[in-house]
Amino acid sequence: MTDFAPSLADLMTSAHEASMEDVHVAGWARVIAFDPARETVDVKPLYAKTRLDEDGNRIQEDLPLIQNVKVVFPRAGVFGITFPISQGDTVLLIFCDRNIGQWQETGEDGDPGDTRTHELSGAVAIPGIYPSFSASGHGNTESLVVHSPKIRLGSLGASEAMVLGDSLRSWLSSHTHGTGTGPTTSPIQ
């Protein structure tokens, strides 16, 4: 048996690869639960952590469930868009450089509370990533299109439905009333 003495370069490469095993930058996950009040999701990453063992064999290890991941809805100041997220939806995970928990709780600049980097617990979720075969089919090059069975403007408590402006204008310009004088009747189509 021959003694193998790794070179300094081999040792450095191995050390680097080992240290990078737990560095997360971005990934994709399936939503397990959505908390609309806190705007967080519990997610299961849809990819495995892969490493080589000492014999060069690929070892795959599932990543754990990640809980209380903040959802990144489009927002600036008091303006924002939110929408329901359902179990089974997919999200893009971005893993922050530093632990985001302290900032999420206080909104304050400063010490993140620990020295961890790119940890699973530092994830935020961006809804909207899907496999190519399940594209919505709503992409276009002409207009901003909102696809939803209900739209509420102002707040979740908005109670009146939105109307389609051209349809309403057409209806208003084409309806008639039963008499030109005196009390009117219901519109006649």
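Student: Hi! Let's start with Tyr 47: is it buried or exposed?

Tutor: Tyr 47 counts as buried, because its relative accessibility is 19% and the cut-off for buried is under 20%. Keep in mind that this is a predicted model.

Student: Thanks. How many aromatic pairs does a search of the whole structure find?

Tutor: The search turns up two aromatic pairs. One of them joins Trp 28 and Tyr 47, with 4.9 Å centre to centre and 40 degrees between the planes, and this pair is tilted.

Student: Where do Trp 28 and Tyr 47 sit in the chain?

Tutor: Trp 28 belongs to strand β1 (residues 26–35), while Tyr 47 is in the loop between β2 (40–45) and β3 (48–52). They are 19 residues apart, and the pair links distant parts of the chain.

Student: And what does Trp 28 count as?

Tutor: Trp 28 counts as partly exposed, because its relative accessibility is 45%.

Student: What about Phe 73 and Phe 83, what sort of pair is that?

Tutor: That pair is edge-to-face, because the planes of the two rings stand at 90 degrees and an angle over 60 counts as edge-to-face. The ring centres of Phe 73 and Phe 83 are 5.0 Å apart.

Student: Which loops hold those two?

Tutor: Phe 73 is in the loop between β5 (66–71) and β6 (75–76), and Phe 83 is in the loop between β7 (79–80) and β8. Ten residues separate them, and this pair also links distant parts of the chain.

Student: Which category does each Phe fall in, buried or partly exposed?

Tutor: Phe 73 is buried, with a relative accessible area of 10%. Phe 83 counts as partly exposed at 35% relative accessibility.

Student: What else is Phe 83 in contact with?

Tutor: Leaving aside neighbours within four places in sequence, Phe 83 is in contact with Phe 34, Phe 73 and Pro 127. The C-alpha atoms of Phe 83 and Pro 127 are 9.7 Å from each other, with the two residues 44 apart along the chain.

Student: Where is Thr 90, and is it buried or exposed?

Tutor: Thr 90 is part of strand β8 (residues 90–95). It counts as buried, because its relative accessibility is 9%. A polar atom of the Thr 90 side chain also lies 2.3 Å from the backbone oxygen of Ile 129.

Student: Changing topic: how many helices and strands does the chain have?

Tutor: The protein chain has three helices and nine strands. From the N terminus the order is α-β-β-β-β-β-β-β-β-α-β-α.

Student: And how much of the chain counts as buried?

Tutor: Of its 189 residues, 17% count as buried. The chain exposes about 14600 Å², and carbon and sulfur atoms supply 56% of that.

Student: Which residues form a nonpolar patch on the surface?

Tutor: Leu 144, Val 146, Ile 151, Leu 153 and Met 162 form one, with about 550 Å² of accessible area together. Leu 153 is in the loop between β9 (123–127) and α3 (165–174). With a relative accessible area of 60%, Leu 153 is exposed.

Student: Which residues other than glycine have a positive phi?

Tutor: Glu 39 and Asn 68 are two to look at: Glu 39 has a phi of about 55 degrees, and phi of Asn 68 is near 55 degrees. In general, most residues other than glycine have a negative phi. Glu 39 sits in the loop between β1 and β2, whereas Asn 68 sits in strand β5. Both count as partly exposed, Glu 39 at 26% relative accessibility and Asn 68 at 46%.

Student: Last one: what does Ser 121 touch?

Tutor: Not counting residues up to four places away in sequence, Ser 121 touches Asn 99 and Arg 116. Ser 121 lies in the loop between α2 (101–106) and β9, and it is partly exposed, with a relative accessible area of 43%.

Terms used
Residues numbered from 1 in each chain as written. Predicted model: local features only at pLDDT ≥ 70, side-chain atom pairs only at ≥ 80, totals over all residues. Heavy atoms only, no water. Helix = DSSP H or I, 4+ residues; strand = E, 2+ residues; numbered from the N terminus. Buried < 20%, exposed > 50% of the residue type's maximum accessible area, 1.4 Å probe, protein only. Polar contact = N/O pair within 3.5 Å; in protein donor to acceptor, adjacent residues only side chain to side chain. Areas by Shrake-Rupley, 256 points an atom, 1.4 Å probe, with all protein chains shown as cover. Patch = residues over 30% accessible without salt bridge, like charges linked within 9 Å, V, L, I, M, F, W, Y side chains within 5 Å. Salt bridge = Lys/Arg side-chain N within 4 Å of Asp/Glu carboxyl O. Phe/Tyr/Trp six-rings, centres within 6.5 Å; stacked < 30°, edge-to-face > 60°. Contact = heavy atoms within 4.5 Å.
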